[in-house]
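Grab a pencil and work through these exercises with the model open beside you. Each task comes with a solution that goes step by step.

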Amino acid sequence: MGKRVAVVGFGQTKGRSSRKDVNGVEIINEAVVAALADAELTIDDIDAIVIGNMDHFEGINYVDSWSVEGSGGVMKPIFKVTTGGTTGTTVAMCAYYHAASGMFDRVLAIGWEKNSESDTTGAIITAFDPVWERPNLGGAIAGLALEASKYMDNYEVTERDGARVAVRERLHALNNPYAHLHQEWMKGMEVDQLVELLVTSEQNQVLAYPLRMSDMCPRSDGAAAVIFASEDVAEKIAPIPAWMVATANRHNFALAGDVDMDRNTTMASASKAAFEKAGIKEPLKEIDVCELYLPYSYAGLKWMEDLGFCGYGEGPKLLWDGVTDMDGELPVNPSGGVMSSNAIGATGLIRVGEAAIQIMGKAGTRQVPKDVNFALATGFGGCYWADVMLLGKKKPA
Amino acid sequence: MENNAQKKDEQELLTVSSGEMFQPYDWSVGKFGSKFLHELKENKKLFGSKCPKCGRVFIPPRKVCGQCYVAMDEFVPVSDEGEVYVCAIIQFGFVDPETGKQRPVPYGYAFIKLDGADTCLTHFVDSVDPEKFKVGARVRAVFEEKRKGSLMDIKHFELVD
Ligand SMILES: [Zn+2]
């Protein structure tokens, strides 16, 4: 079964639309230095490194060796993993597997991106099939608008429902000093008033009908680093380590046109497998906080249903009832989530790090006001594939 | 004055542009892709491949049904008419990496379930009217006059009343 493994340290840079003061190697370094300080370790304590980004955005194809001075990988085993949008969570999984193998005690996971360095939509298109998809693909915004069109048609969901997700994420982001978007003007306004403003304001430009600017994630420059430790050392490093309880990932189709748009089948299958392994029968009751890779607003409705938090078509009710707000039964994205910060290769890893600090009690102004025994992190990418990681306070049996 | 003083201390932060880089590729499309493109170019006909196990018809055709993990060897004709499965009206501008130019907006974009196929072809639709261009709308392929053996030999799809 392998060794039990926990997160013992987390560092991240503040998301920004452009960080011209640092190159890629230097922004990686900022996150690593922060994670080492958080765990009170030095680079000499690190036994192996897993690093990832989505190469298309910077056009640099050998990041593992190119970044070795910033990552701390000089004369160490270092492995590059890249899986598109899920890169950050897949990097976390690989670091976990390294530590679980018993061959490395302390493994550093790094995810980063400088989305300012290219046209994000153009670069995303080059990740798809060159013959059958690239000629007419419209990147992530178009792809997600397609999904929204089906979900809205199936369940009579409205633009107000989507806007309510955006409002939650942006209000939560105000508590997170590392979030890229801090929409201070939202402070003190009622939720209904904000929703109304988002769906009626002409300034809130339609990008791809039915999606407006406020429905989408930003494009950010940023980096994150998470330190995984085996059971032999984890409790010596962190007073409350965040244990890896279960993880699963699923890929289904290769071409986007093959995807079943009625349901997010990969997210449903991966989460079901993870919950079964953890013995979780009622996810809404048993999971205490979520850091979900929700790249756009309607994912905060439909994918909640696929994760088993409510029935099909019940996502809007769960949301409007306030269940997923900071003081709700299941706070979702206390960090403000992907819709408030999206340095793509770092994004999934930030979900894992944010889930971990909720368990460790180190989330500061964004710490949820309740006991956290289970925290769920997810990743989403490309052709609707899914990564799921469940973290827990109790050391697994 | 303050700005000037700042500039003395801090130099402007620079970026270096990649320039007009262009790296051509020649992608193999295999036996299945070649059949599809030949029929499209020469006869304005569309073909899929049928899985011997689950019976699903895949378009564009390919060798392996990933769900069953078995080889396909049957080509089946697929209609040039079908239904909009999911759709979007794209209004934001971006650089098309195929051409290096801004893609003209707005335009309709959809996954189209052609009659006789179980998967969708992704393509442009010649409508930006959300009242008419929506999930379930009927569409028909419009072919280019001069065809080159590419997916874009279908110019776009048009709404059928
Ligand atoms: Zn099959």
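**Exercise 1.** How many bridges join strand β1 of chain B to β5(B), and do the strands run parallel or antiparallel?

*Solution.* A quick note before counting: this is a predicted model, where local features need pLDDT of at least 70, side-chain atom pairs count only at pLDDT 80 or more, and totals for chains, interfaces and linings use all residues. Residues are numbered from 1 along each chain as its sequence is written, chains are lettered from A and ligands numbered from 1 in the order in which they are written, and side-chain values use heavy atoms, with hydrogens and water left out.

Step 1: find the strands, which, like helices, are DSSP runs numbered from the N terminus (E, at least two residues, for strands; H or I, at least four, for helices). Strand β1 of chain B covers residues 46-50, and β5 of chain B covers 74-78.

Step 2: count. There are 5 bridges, and the strands run antiparallel; two strands pair if DSSP finds at least two bridges between them.

Step 3: The order is β2-β1-β5 in an open sheet of 3 strands. β2 and β5 of chain B each have a single partner strand, so one side of each lacks a neighbour in the sheet.

Step 4: α2 of chain B (residues 30-43) lies across β1 and β5 of chain B, at about 155 degrees to β1(B). Contact here means heavy atoms within 4.5 Å; axes are lines fitted to C-alpha atoms, for helices over the stretch in contact, and angles run from 0 to 180 degrees between N-to-C directions.

**Exercise 2.** In what order do the 9 strands of the open sheet in chain A run?

*Solution.* Step 1: read across to get β3-β2-β4-β7-β1-β8-β11-β10-β9, with mixed pairing. The edge strands are β3 (78-80) and β9 (289-291) of chain A, and the twist averages 25 degrees from one strand to the next.

Step 1: zoom in on β8 (residues 242-250) and β11 (residues 385-392) of chain A, an antiparallel pair with 7 bridges. Here A:R250 stands opposite A:A386.

Step 2: look at the loop between β10 and β11 of chain A, where you'll find A:Y384. A:Y384 isn't a glycine, yet has a positive phi of about 55 degrees.

**Exercise 3.** What area is buried between chain A and chain B?

*Solution.* Step 1: count contacts. 37 residues of chain A touch 39 residues of chain B.

Step 1: take the area, about 3400 Å², of which carbon and sulfur atoms give 66%. Buried area is the accessible area (1.4 Å probe) that two parts lose on being put together, summed over both.

Step 2: A:W132, A:N136 and A:L146 supply 23% of the area that chain A buries against chain B, more than any other three residues.
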